[in-house]
Amino acid sequence: MRCIEEVRAGLESAGQTHALRFWAELSAEQKREFLGELSLLDPEELIQHCRAAAEAAGRAAGEEERLDSRMEPVDPEFIGSVCKSEPETLRQWEAEGFLQIAVNKVAVLLLAGGQGTRLGVPYPKGMYNVGLPSGKTLYQIQAERIQKVQELASEKNGSKCTVPWYIMTSEFTLQPTEKFFKENSYFGLDPSNVVMFEQRMIPAVSFDGKIILEKKNKIAMAPDGNGGLYRALVDNKILEDMERRGVQYLHVYCVDNILVKMADPVFIGFCVMKGADCGAKVVEKAYPAEPVGVVCRVDGVYQVVEYSEVLPETAEQRHPGGELVYSAGNICNHFFTRGFLQEVAQKFQVQLKQHVAIKKVPFVDEEGNIVKPTKPNGIKMEKFVFDVFQFSKKFVAFEVRREDEFSPLKNADGAPVDTPTTARRSLLSQHYRWAVQAGANFLDDQGNPIVPKLRTAQDADPPAVCEISPLVSYFGEGLEKLLKQRNLKSPAIVNGSFVKNS
Ligand SMILES: CC(=O)N[C@H]1[C@@H](OP(=O)(O)OP(=O)(O)OC[C@H]2O[C@@H](n3ccc(=O)[nH]c3=O)[C@H](O)[C@@H]2O)O[C@H](CO)[C@@H](O)[C@@H]1O
């Protein structure tokens, strides 16, 4: 920790001495804490950060550069597809993926540093329970999928293997996440294979380029976006850890997709067999204004253009057959080789674009009162995880079925989409389909058969409730021996050889 004189001099050089205007009023304990926080700010970086934010605020007021005219869709040659490929091809990709997992070359990396403001819970999103019959949280589901994929890869290739789980957290999520994992005995995983690390926080800045004080002794800080990953990998020596473990391929994903296929062997196998260094899973966009980024090319280079960055007329463009031109919806599931991540971390990380978000940031006024602004007053700068696609030498996209792989939890119940209800429904619909395909019959309360229905409307619950533990089946496999010609009373939970009926 630096001394107060040093910190004051640094703030002075950055034009930010207002941060210390309540210093004399603080208790010894508050001074110590605040000094700790201020010591982490590098004066040179602070100058650049505040300048960039103020410039961005000027631009955001009007003349943000538009990408629309420079966009082109992904070249079909670079897209693999679960829906359009032959079963034999899919089987080959899957076998390759399982092989790489079996020889310990695959790890998963969870982006879990976000604040989940839209969902509105005061704890990390991964701890959320969407109301499944088992009461499992997103973290537990993910942990169990890792266990199962390890088990399947080991069985298929005859060698015991590990898929390390890297979890990027932030100041907001590290402690509660660690505590939650400890309290739940890491959901059966070996703690030495669960590596949590923290991304950086950066100050929120006012429109005139001044850092915002949230309290008399605290700067308003926010995580540096999920693209903060690349810096955090270096800060926390995570690439070295991967190298030590022999990890070559990473599946990076975001916390809120209840259907995420952790270390998906088909996706990994596809990317490896194509010789890709970087890849993105996509789903066909549901409708032009759907709030997902689109994977496309800009000036010939691959990137994701966020939903907020394109004009409605671009999003609405269609091919003569009626399909959307920009239909490759980003589901925040990425493939990277470790070599690519190393290159990005060493050479390109500093070049990553800063995305600007204009927000309402609570602040302390001249008199020391905490004010909750009614209008936006601050700028938060964020880097995005996919902004490294441009540095890839071989980029591929992989299209998957939405109903099988994408149902994100973004909003609280009451919102029209992406809520706990829609996430729960997606998972239970998938498990119901798997159970029926495996030969299960469902009965209602009175013991009468429920007519099977494999396709239900998106906003309708499945005809019967059946939750299948990921420890039993990773993606619908292996269920026949348990469920064929079994009569199950809804709601049912399939847990190992044990089927619990209501
Ligand atoms: C920038 C980005 O990836 N955008 C994608 C993200 O949008 P979306 O706007 O939903 O992105 P979120 O803010 O939810 O962040 C995605 C993930 O990144 C994590 N996170 C976020 C901020 C941060 O500083 N640190 C951090 O780790 C979150 O915890 C989450 O797991 O998911 C959508 C699909 O669901 C995609 O269509 C968007 O293209």
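**Entry: the ligand**

I kept in mind that this is a predicted model. I began with the shell: which residues are closest to the ligand? I found 24 residues surrounding the ligand, and the closest are Leu-111, Gly-113, Gln-199, Asn-330 and Lys-410.

A polar backbone atom of Asn-330 lies 2.7 Å from an oxygen atom of the ligand. For Gly-225, I read 3.0 Å between a polar backbone atom and a ligand oxygen. Gly-293 also brings a backbone N or O atom to 3.0 Å from an oxygen atom of the ligand. I then checked the cover: the ligand taken alone exposes 750 Å², and the protein buries 89% of that.

**Entry: helix α4**

I moved on to α4, which runs over residues 87-102. Why should its ends be 22 Å apart? The helix has 16 residues, so at 1.5 Å a residue it should span 22 Å, and the distance I get between its end C-alpha atoms, 22 Å, agrees.

Which of its residues are buried? I listed Trp-93, Glu-96, Gly-97, Phe-98, Gln-100, Ile-101 and Ala-102. The buried residues of α4 pack against the strands β2 (79-81), β3 (106-111), β11 (249-254) and β20 (395-399), and against the helices α5 (138-157) and α9 (265-273).

Last, I looked just past the helix, where Asn-104 takes a positive phi of about 60°.

Key:
Residues numbered from 1 in each chain as written. Predicted model: local features only at pLDDT ≥ 70, side-chain atom pairs only at ≥ 80, totals over all residues. Heavy atoms only, no water. Near = heavy atom within 4 Å. Polar contact = N/O pair within 3.5 Å; in protein donor to acceptor, adjacent residues only side chain to side chain. Areas by Shrake-Rupley, 256 points an atom, 1.4 Å probe, with all protein chains shown as cover. Helix = DSSP H or I, 4+ residues; strand = E, 2+ residues; numbered from the N terminus. Expected span 1.5 Å × (residues − 1). Buried < 20%, exposed > 50% of the residue type's maximum accessible area, 1.4 Å probe, protein only. Contact = heavy atoms within 4.5 Å.
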